[in-house]
Amino acid sequence: MLGLATGEAANKSVNDNTVEAAIKLITKIGPSIDEKLNKQVGDWKTKNEKRVIDIFKQFEYLMSSTEKEGKLFVSKRLTILIKNMIDNKNSGWSKSKGSTE
């Protein structure tokens with residue numbers, strides 16, 4: 001989703017606007033994704049769960065990664081937004097379910 005790689009040339013195209021848009025999208029559709037995953041069974045469910053896990057691993061990577069000069073890939077503000085989104089997911093999307101935006 002974020003197009004992240006883990007090599008030296010990783011994250012050249014990642015900017016705050018891209019990450020913020022992805023955070024807003026995931027926060028909005030996250031509850032629906034989890035509901036649909038809970039209804040699936042078998043290999044299909046396993047594959048889709050892995051995809052969702054991979055997306056959140058990319059966010060976690062962004063949140064914790066730094067460039068060689070010690071500069072964060074994303075701003076501190078977005079690091080906090082990512083953490084809040086992950087906390088929201090871990091709480092069953094309780095903040096998103098009450099949102100009307």
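This is a predicted model: local features need pLDDT of at least 70, side-chain atom pairs count only at pLDDT 80 or more; totals for chains, interfaces and linings use all residues.
Are they buried or exposed? Phe56 has 8% relative accessibility, so Phe56 counts as buried, and Phe59, at 0%, counts as buried too.

Then there's the tilted pair of Phe56 with Trp93, with 6.3 Å between centres and 55° between planes. That one ties together distant parts of the chain: Phe56 is in helix 2, Trp93 is in the loop between helix 3 and helix 4, and they're 37 residues apart. Trp93 is at 2% relative accessibility, so again, buried. Put together, Phe56, Phe59 and Trp93 make one aromatic cluster.

Next, the core. The largest nonpolar core has 17 residues, and the ones touching the most other members are Val19, Phe59, Ile82 and Met85. Helices 1, 2 and 3 each put in at least two residues, with helix 1 giving the most, five. Leaving out residues up to four places away in sequence, Val19 touches Val14, Phe59, Leu62, Val74, Leu78 and Ile82.

Asn15 caps its N-terminal end, with a side-chain oxygen 2.9 Å from the backbone nitrogen of Asn17. There's also a kink of about 50° at Ile29, shortly before Pro31. Buried residues in helix 1 include Glu20 and Asp34, and the cover over its buried residues includes helices 2, 3 and 4.

Terms used. Residues are numbered from 1 along each chain as its sequence is written. Side-chain values use heavy atoms; hydrogens and water are left out. A nonpolar core is a set of buried Ala, Val, Leu, Ile, Met, Phe, Trp, Tyr and Cys residues joined through side-chain atoms within 4.5 Å. Buried means under 20% relative accessible area, exposed over 50%, partly exposed in between (1.4 Å probe, protein chains only). Helices (H or I, at least four residues) and strands (E, at least two) are DSSP runs, numbered from the N terminus. Contact means heavy atoms within 4.5 Å. The bend at a residue is the angle between axes fitted to the seven residues ending there and the seven starting there. A polar contact is a pair of N or O atoms within 3.5 Å; within protein, one must be able to donate a hydrogen and the other to accept it, and residues adjacent in sequence count only if both atoms are side-chain atoms. Rings of Phe, Tyr and Trp (its six-membered ring) pair if their centres lie within 6.5 Å; planes under 30 degrees apart count as stacked, over 60 as edge-to-face and the rest as tilted.
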